[in-house]
Amino acid sequence: MLLTTETWPCVLAPSKSLPGCRYRLTAKEFRRSQHGEHTIARAITWQTVQGWAAASASFVALRRATRCCCSAESESKSEERKLRREQKFLEKREFRRQRRPEKRQMAARRKAAELDEFLSKLTDEERASWRAEQKRKKEEIESSLTHAYEHGRPKIVISCSFSDIMSEIEVRSLAHQVKLSYSVLKRLQSSIQLHLTSVHPENPATAALEAAGLRGWKVHTHEDSYWDIFGASEVVVLTPDAEEELEELSEDAIYVIGGLVDKSVAKLKSLEQAHSHGVQVQQLKRLPIKKYGPPGAFPVVNVDTVVQVLAEWFIRGGDWQGVFSDCLPSRISR
């Protein structure tokens, strides 16, 4: 049987754009081709169409099978690439760890060389005066740290009780921020007394803090949580999720900062923890960053930034705008 416009609405014709391929002709195009407007019309038998259909079905089945195989092979290759990346990361981390002592020694030698060069340009009298001044500053800082450790007010507590919801990198970041907090108080010679809670052997943050130099710091460390040491009714918990803003600070208060470092900003964690241990709503405060900070400032800041803000507030006599202008990093302004 021959196919016509009455028996089959479309026929296959050689493609002009793709030589060796065929495309479907509509019935209208078929009629026009009969009048010489197209030279590509060509009637085919029903058996030929059936043969092409079978071949097409086989080709589709082959494509699907090939796609499945390719998909499995692609997943396998993806896993291999992922393992190679992880292995490469571990190798680089181990290489950096081994190079760390050498880099520290190089930095110390470079610093010593710079100091020798500076002192060589001074006279004997100037050199003796410089050394005496440096010794006086060091003794002054040590005296300030000792006084803050023994009689410091107010008390600032960094709660290290969130390690179970943080990654290893975030735990190390917390230890680094605590170290920066101690450095800030040391540099400002602040009278704030610093406490670290939940620092026990089972806490991963403990090892990270010791690696950061905890044993050489003049800070109070506690294995228990802050609500067990100071009592839930005596603390002011600072959390960006609180409803009330912190307007005034008191030297008699105990300010608790949640030691939570998370790249995705986990909301309500410190708030829920405080509620679950009896901290009342009026004891939950947030820094007044939106009120006194630069326009568009983000309310979530690092632990060391919070400590610096509180220390500067006491030094400047409550100037929130000046404190936020100098203490907030530019990256949090949006």
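Trainee: How many cavities of 30 Å³ or more does the structure hold?

Mentor: The general idea is that rolling a probe the size of a water molecule over the atoms shows where empty space is left. In this predicted model, the structure holds two cavities of 30 Å³ or more, and the largest cavity has a volume of about 90 Å³.

Trainee: Which elements each supply at least two residues of the lining of the largest cavity?

Mentor: Those elements are helix H3 (124–151), H4 and E4, and H3 gives the largest share of that lining, with three residues. Among the residues that line the largest cavity are Leu145, Ala148, Tyr149, Tyr182, Gln193 and Leu194, and by class the lining has eight nonpolar, two polar and one charged residues.

Trainee: What lines the second largest cavity?

Mentor: The second largest cavity, with about 40 Å³ of space, is lined by residues including Ser159, Phe162, Tyr226, Val237, Leu238 and Gln273. Strand E6 (235–238), strand E8 (254–258) and helix H7 (269–276) are the elements that give two or more residues to the lining of the second largest cavity, and by class this lining has five nonpolar, four polar and no charged residues.

Trainee: Turning to open spaces, how many residues line the second largest pocket, and which lie nearest its centre?

Mentor: The second largest pocket has 14 lining residues, and Arg100, Arg104, Arg172, Ala208 and Ala211 are the ones nearest its centre. Two or more residues of the lining come from each of helix H2 (46–120), helix H4 (168–188) and helix H5 (204–211). About 590 Å³ of space lies in the second largest pocket, and its lining has, by class, five nonpolar, one polar and eight charged residues.

Trainee: How many aromatic pairs does a search of the whole structure find?

Mentor: A pair of aromatic rings is described by the distance of the centres and the angle of the planes. The search of the whole structure finds six aromatic pairs.

Trainee: Why is the pair of Trp313 and Phe314 edge-to-face?

Mentor: The planes of Trp313 and Phe314 stand at 85 degrees, with ring centres 5.3 Å apart, so the pair is edge-to-face, because planes over 60 degrees apart count as such. Trp313 is buried, with a relative accessible area of 7%, whereas Phe314 is partly exposed, with a relative accessible area of 26%. Trp313, Phe314, Trp320 and Phe324 form one aromatic cluster.

Trainee: Is strand E3 mostly covered or mostly open, and how many of its residues are buried?

Mentor: In a regular strand the side chains alternate between the two faces of the sheet. Strand E3 (residues 155–159) is mostly covered, with four of its five residues buried. Five bridges join E3 to strand E4 (residues 193–197), and the two run parallel; within this pairing, Ile156 stands opposite Leu194 in E4, and Leu194 is also one of the residues lining the largest cavity.

Trainee: How many disulfides does the count come to, and why does Cys160 count as buried?

Mentor: A disulfide is a covalent bond between the sulfur atoms of two cysteines. Here the count comes to zero disulfides. Cys160 counts as buried because its relative accessibility is 1%, which is under the 20% cut-off, and Cys327, at 8% relative accessibility, also counts as buried.

How values were computed: Residues numbered from 1 in each chain as written. Predicted model: local features only at pLDDT ≥ 70, side-chain atom pairs only at ≥ 80, totals over all residues. Heavy atoms only, no water. Disulfide = S-S within 2.5 Å. Buried < 20%, exposed > 50% of the residue type's maximum accessible area, 1.4 Å probe, protein only. 1 Å grid on protein atoms, 1.4 Å probe; cavity = no way out; pocket = protein on both sides within 12 Å on 5 of 7 lines; lining within 4 Å. Points joined across faces, edges and corners; volume = space filled by probe spheres on them. Nonpolar A, V, L, I, M, F, W, Y, C, P; charged D, E, K, R; others polar. Phe/Tyr/Trp six-rings, centres within 6.5 Å; stacked < 30°, edge-to-face > 60°. Pairing = 2+ DSSP bridges.
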